[in-house]
Amino acid sequence: MTEQTQDDNRHPALLYHEYPRPGKLEIRATKPLANGYDLSRAYSPGVAEACLEIKADPENAARYTTRGNLVAVVTNGSAVLGLGNIGALASKPVMEGKAVLFKKFANIDCFDIELDEPDPVKLAEIVCAMEPTFGAINLEDIKAPDCFIVEKICRERMGIPVFHDDQHGTAIVVGAAATNALRVAGKRFEDIKIVSTGGGAAGIACLNMLLKLGVKRENVWLCDIHGLVHAGREVDMNPQKAAFAQVTDGRTLDDVIDGADLFLGLSGPGALTADHVARMAQRPIIFALANPTPEILPDQVREVAPDAIIATGRSDFPNQVNNVLCFPFIFRGALDVGATEINDAMQIGCVEGIAALARATTSAEAAAAYKGEQLSFGADYLIPKPFDPRLMGIVASSVARAAMDSGVAKRPLPDLDAYKAGLDASVFRSAMIMRPVFEAARHASRRIVFAEGEDERVLRAASAMLEETTEVPILIGRPEVIANRLERAGLSIKPGRDFELVNPQDDPRYRNYWQSYHQIMQRRGVTPDLARAILRTNTTAIGAIMVHRGDADSLICGTFGQYLWHLNYISQILGSAARHPVGALSLLIQQEGNLFVADTQVHPNPTPEQIVETTIGAARHVRRFGLDPKIALCSHSQFGNLDTPSGRNMRAALEMLDSMGMDFDYEGEMHVDAALDTDLRARLLPDARFSGPANVLIFANTDAASGVRNILKTRAGALEVGPILMGMGNTAHIVTPSITARGLLNMSALAGTPVAQYG
């Protein structure tokens, strides 16, 4: 890293830590404290009840306090990153950062604790004394060999997991990367020769992990700053290093590198040279993990070994060995089963989970976070990316299973599959609300045609459909473009085997398709020549004709282009007196609860009759999610207090609904705050038709509906499912260009179930 780069990074990093308020953490209350009654439960006298329950059974601490989800990150600042012994206080930004990662990646609460205690035994005693506060301890940045002493004492005395991440976190990720690197290279753990530089905590732990995975101790050659660790050496030795001492005349790395299959570097820049690499075995594996400058740069390796498999500790090269792939999720699994320790079985379970995930199809979310990178399993993709949301479910459940199987779980889980589904739901916010829709989709095999089949988001959605539903994806697009994009995205699905491909430039049904379109449109100004042109170039029209002719059950379009443009062709081809667009409904998933908003797209200024159709359609679709609709008709007028066009339309719609004897709750006209605030609504209209917050907002025009939808998405962080095109009998849905691959998967599940069963 150049001095200029350091200067460029320094100022933004300091601003990040200082503003808008110093540091990276805060503490927030999870219970209300708004009045005297809340105070009496939070503190005296109500708090005594929780105290007595814990006294009677210490396991109740996990029920009545944060302890079951609280980790301490503890250091004395004696070996911080590449900065060395900078002391406890200077280490605080690093520990705060670690706490943020716990929360971000695994929703684990965390306190950073910096202790000004250099003596390892005294440090261990302080940590042990904190056991009543925490569910687990993460030791961090403690120098070797002190870290071995601290961890040993803490693990022996404490009844909660104690994990030194610098040792075991690094070792787990190295183990996962090595597992897959050997698979790519066609080698086995029991056969390989390993040469390692770095006799610190991380280096020793990595070697021990590789032994657990099958490497033979006699095939491991460990070097440090003083040279090869060999029998009889007395300089800078400890029991951990001595376990790898070789009986040999060799004394340096240069003496032992010949024929090595794997180089493991946790030392410093320049420790490995191109000449060393040239003397290694065929298809060498180079793990140069020193930060910020590796033992050797990847370009230098490839000059002498083009087929080498390389990993570093840096994010700007492929295969970053990053502890964040491990520590949040191993603690998540350990905490959730009340593990008394993190044992070898749990660590190997973590290794296997991480390695298996890299071999699976790449998630759309990870691809979005790492645009431009090749994320398909191979030499440049040995381990998942940190922002792959599947890590939580796969790794934490693997750890939980291993804890239960090895007998260290005090609170075993009754259903591991349900546990994994719950973890996935916590990451994929749409998972819980979409569950009934996906369940219905699994029992109704429908053919879903995607108009924009060349879009990578569509390709990823199609791949996920095959895993999560029984639907059959049909993609409209040019074969060569789709093939190239599948390869680039690392997706293994193939046309003809996994999905039907419709080539708009050469499909045997083209004549039938344009003739069908011409028959529909011949008295609306469409000539045969125009029909031929449209059915050769307009993929939305092609998809709609497929549904019209029965070659598909539902169309999804709109990943690019304007909504009403797509709606025009859908209405032309699939519309009828009995089936016509009545509104677009969006589900906004928020931390505070789920909210449906309509009509966001179809009718700019709906009539009372159109508002009624939208309301009835919204109720029908809300029930698809297993919810009882509570619908608010929203307007600037509130319960008749203004004589405005929107107020008059909403009041007229209310009267029509009353005359129809509907079987769902609705009320209006009202402001949005009255719709969502039960107390406010009760003050304004004590005889309101329903209690509790509304879960559906129907607006008097698309400007209002679309504005609320976009504010909730961009400012409140809501996740959208939709828009759902109502009134078309589930034959077509038009999404918006901002949709994600996960959003398309959700839409495919909605398109994959008949609406008629919901009334």
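Modeller: Let us begin with a term: two strands pair if DSSP finds at least two bridges between them. Helices (H or I, at least four residues) and strands (E, at least two) are themselves DSSP runs, numbered from the N terminus. This is a predicted model, in which local features need pLDDT of at least 70 and side-chain atom pairs count only at pLDDT 80 or more, while totals for chains, interfaces and linings use all residues. Residues are numbered from 1 along each chain as its sequence is written, and side-chain values use heavy atoms, with hydrogens and water left out.

Biologist: What makes strand S15 and S20 a pair, and in which sense do they run?

Modeller: Strand S15 (residues 583-590) and S20 share six bridges, where at least two are required. Their pairing is antiparallel. Within it, Ala584 stands opposite Leu725 in S20.

Biologist: Why is S20 called largely enclosed?

Modeller: A residue is buried under 20% relative accessible area, exposed over 50%, and partly exposed in between (1.4 Å probe, protein chains only). Seven of the eight residues of S20 are buried, so the rest of the structure largely encloses this strand. Strand S20 spans residues 719-726 and contains Pro723. A cis peptide bond joins Gly722 to Pro723, with omega at about 0 degrees.

Biologist: Where else is there a cis peptide bond with omega of about 0 degrees?

Modeller: Tyr19 and Pro20 are joined by one. Pro20 belongs to the loop between helix H1 (3-18) and helix H2 (36-42).

Biologist: How many aromatic pairs does a search of the whole structure find?

Modeller: The search finds seven aromatic pairs. Rings of Phe, Tyr and Trp (its six-membered ring) pair if their centres lie within 6.5 Å; planes under 30 degrees apart count as stacked, over 60 as edge-to-face and the rest as tilted. One of the pairs is Phe102 with Phe327: the centres are 4.9 Å apart and the planes stand at 65 degrees, so the pair is edge-to-face.

Biologist: How do you know that the charged end of Lys98 sits over the ring of Phe327?

Modeller: The criterion is that NZ of Lys or CZ of Arg is within 6 Å of the ring centre and within 35 degrees of the ring normal. The charged end of Lys98 is 4.2 Å from the centre of the Phe327 ring. Arg217 lies over the face of Phe244, at 5.0 Å from the ring centre.

Biologist: Why is Asn107 called partly exposed?

Modeller: Its relative accessibility is 44%, so Asn107 counts as partly exposed. Asn107 lies in the loop between H5 and strand S2 (109-114), and has a positive phi of about 55 degrees although it is not a glycine.

Biologist: What, then, makes Phe639 partly exposed?

Modeller: At 22% relative accessibility, Phe639 therefore counts as partly exposed. Phe639 has a positive phi near 50 degrees and is placed in the loop between strand S17 (630-634) and helix H27 (645-660).
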